[in-house]
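Thanks for coming, everyone. I have one structure to walk through today. Take a look at it first.

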Amino acid sequence: MRDTFWTRRVADGIGGVSEVMFPGGDDGAPDWRETQMVERTMEYLGMLPTRMRRLVMLMYVAIELCAPLLFVGLGRFSRISFDRRDRAMQRWRRSPLPHHRLLADALKAQLCMMYLSHPAVQAHIGAFKTYAAPNDPLNLPVRHGVLSGDTPNGLAPGVS
Amino acid sequence: MIHELDALRDGFEIEADAVVIGTGAGGAIAAANLAEAGMKVVCLEAGPRVRPEDMTRDAPKFLAKYFWDGGLRLLEGTAPIPSMQGRCLGGSTVSNSAIMLKLPDYVRQEWIDDDGLTHLRDEAFDRAFERVFLETKTAPTPMDVQGPRNLIIRDALEAMGIDSYPLPRAVDGCKGAADCIVGCASGAKQSVDRSVLPRAIEHGAEVYTCAHVDRITMDGDRATGVTGRVVDPDGRRDVATFTVRAPHVVVAAGAMGTPVILQMSRINPGRQVGNNLEAHVAGGVVGVTHEPLHPWIGASQGWGAIDPNTPGLKYESLWADPSVMLVKWGGVGRPFMRRLRDIDHATVGAVVYRGKTWGSVRPRRDGSPKMKLYIKRSDAHVVLKAMKLMSDGLLRCGARYVFPGLMPGVVEEMTSERDTAAMLSPRLHAGHLPMTGNHVFCSCRMTGDPRTGAVDLDGRVRGTKGLWVCDASLFPSPSAVNPQATVMAMSDLISRGIGGLAA
């Protein structure tokens, strides 16, 4: 994607939202920086058909530049304090205003999809598979013979 | 033979006996039957071919490349509802869970009595189902690939007094990797590109991928072929144009694509094309247990049940990659990060209901479909009640908590039947359902009465010659079960009629 004023605002918006959605903590989960949320989301946007790409990019530009209209605070979204942005995200999800809820849902869905598809996150949640796929950029571990039809829980004996 | 992008960059202009638009459940069957009947058949697919090595487990990238609108397609109307439709050789059969259920008898009777589909009385319809079940190797999901995530849904339904069973699917040798949504790289899933299109090719059909049809060409009331664009799936750029001339045109572009192609071609008998869009009303809950369920293993949708008390209500287990499955779950920020480890203990119980929805499909200026769908509050309440039942069942089976999606007045972590009772609040409506509208139909209805449907009982578009429809847009009303088998059976009947094969 070309480096323009608008693509920089999109990246700022993605970063500003990702930081509050996937913050670092003591739970060991990879944060937004470790999962390269901005770079990977920009790459993903580049793969979308034009109309959808424009719509999603518009959403991030709107978040980044219209923070005052969304009652987050003055200035660009990504430059507002973490706590204010966090409160805004929590508020939008339960807002009585449909467009706030829609925005929160769209941000959550889009960025969660990117976050959860990072190999480090898949490793953190303990994902594994029953066979090795030829194209698995997530590097999911494979545990053969883990399923069984002969046990009450469907797992082979000895598997927890 | 399958023609791919690199061979099509200069466009093409060809003649055939029949052209089939779309290679999903309906199109593949039509192409195979017409080719078997001795016709020179050309199949056109808007998306690319997906080989096992293309089936990346990175779900967002798979969706971006092999789904319409990059997987971000929305139904507008009551609320924005995601609708995922495959855009690749094999259509949505490449990325769905391959559930194959016969049209329930009461729906069939309703189609006969209320919609005038009198030909469905005939045993030929039963034989059509038998043929598609055989060709797709449909069988109940084996116990040895259910895994704990599916089995706890069985237990939850049993706890609520509902008989359930392993879902029949078009899968042969399932590995239980829950990869259905990103294709099945193991080759077990019998998507139509693997199970049906080879028969078409064996009988001489030529399959063109990356070929997006814009219009059907007409000479008076007679269809004469199609025109369209060769589209690069990476970036979706147009690289060339194409023309296919054929006296038989079969449209099988799905309930969203078919009405758009017809309307763009100014074919709209009785102004019925694109009207009457319907979808199954759906919902689901995430149950989190004490013991790990390892949701990433086990068949994607291995277990299900038909509600004995509410016609048209169905329960099923469900899983896809967490990046697609859990986009609403768990809150945001630190609460979400803390809950991440719960995913290993999660299962999803889905609910599908044959309500009475209504909507439309219209072409946008760029030729893409604009869909509207409206859902009655009373239908939403049926689904909410079923979600409560599923939640209660999971809690009785020891779930730590159940997440119902975000609903006013309902806690995010329901731990008791008192909590789940909040889902019965009359304040809630369809906009609160955690719904995906993947089962869509009825946008070019087949009916006995020309005033209520654009397509006649032979599958022919009314007022035209040489033009048929063979996909879910034909359904006069929702099928109450996953539509794939019914689409294939109806397409089988129609295309056998065109080709003169015994039904």
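Start with the contacts in chain B. Take those with a separation of 6 or more. Residues 24 or more positions apart account for 75% of them. Keep in mind that this is a predicted model.

Now chain A, counted with that separation of 6 or more. There, residues 24 or more positions apart make up 45% of the contacts.

How many residues of chain B count as buried? It is 63% of the 503 residues. For chain A, with its 160 residues, the buried part is 38%.

Next, overall dimensions. A compact globule of 503 residues would have a radius of gyration near 23 Å, and chain B agrees, with 22 Å. Its C-alpha atoms fill a box of roughly 65 × 50 × 40 Å along the principal axes. What about chain A? For 160 residues, a compact globule would come out near 15 Å, but chain A has 19 Å. The C-alpha trace of chain A spans about 60 × 35 × 30 Å along its principal axes.

On to secondary structure. Chain A has 6 helices and 0 strands. Read from the N terminus, its elements go α-α-α-α-α-α. Chain B has 13 helices and 24 strands.

Now domains. Chain A is divided into domain 1, residues 5–125, and domain 2, residues 128–160. The C-alpha centres of those two domains of chain A are 33 Å apart.

Let's look at a helix pair in chain B. Helix H4 covers residues 123–135, and helix H13 covers residues 484–499. Their axes come within 8 Å and cross at roughly 120°. The crossing of H4(B) and H13(B) is right-handed. Which residues of H4(B) meet H13(B)? They are Ala124(B), Phe125(B), Ala128(B), Phe129(B), Arg131(B) and Val132(B). Facing them in H13(B) are Ala485(B), Met488(B), Ala489(B), Asp492(B) and Leu493(B). By class, that contact has 9 nonpolar residues, no polar ones and 2 charged ones.

Two single residues now. First, Leu167(B). Where is it? Leu167(B) sits in the loop between strand S8 (165–166) and strand S9 (168–170) of chain B. Is Leu167(B) buried or exposed? It is buried, because 24 other C-beta atoms lie within 10 Å, and the cut-off for buried is 20 or more. What does Leu167(B) touch, leaving aside neighbours within four places in sequence? Its contacts are Ile99(B), Thr141(B), Gln301(B), Gly302(B), Trp303(B), Gly304(B) and Glu316(B). Now compare sequence with space. Pro247(B) is 80 residues from Leu167(B) along the chain, and their C-alpha atoms are separated by 40 Å.

Second, Met218(B). This residue is in strand S11 of chain B, residues 211–219. Met218(B) has 18 other C-beta atoms within 10 Å, so it counts as partly exposed. Again leaving aside neighbours within four places, Met218(B) is in contact with Ala223(B), Thr224(B) and Ser265(B). Here is the sequence and space question for this one. How many residues apart along the chain are Met218(B) and Lys465(B)? They are 247 residues apart, with 9.4 Å between their C-alpha atoms.

Last topic: where the two chains meet. The contact takes 53 residues from chain B and 50 residues from chain A. Which helices of chain B each supply at least two residues to that side? They are H2 (59–66), H5 (147–159), H9 (322–325) and H10 (334–339). H2(B) gives the largest share of the chain B side, with 5 residues. By class, the side of chain B that touches chain A has 26 nonpolar, 10 polar and 17 charged residues.

That's the tour. Over to you for questions.

Methods:
Residues numbered from 1 in each chain as written. Chains lettered and ligands numbered in written order. Predicted model: local features only at pLDDT ≥ 70, side-chain atom pairs only at ≥ 80, totals over all residues. Axes fitted to C-alpha atoms, helices over the stretch in contact; angles between N-to-C directions. Helix = DSSP H or I, 4+ residues; strand = E, 2+ residues; numbered from the N terminus. Left-handed = near helix turned anticlockwise from the far one by under 90°. Contact = placed C-beta atoms within 7 Å. Nonpolar A, V, L, I, M, F, W, Y, C, P; charged D, E, K, R; others polar. Rg over C-alpha atoms; globule rule 2.2 N^0.38 Å. Buried ≥ 20, exposed ≤ 12 C-beta atoms within 10 Å, placed from the backbone. Domains from an automatic or database assignment.
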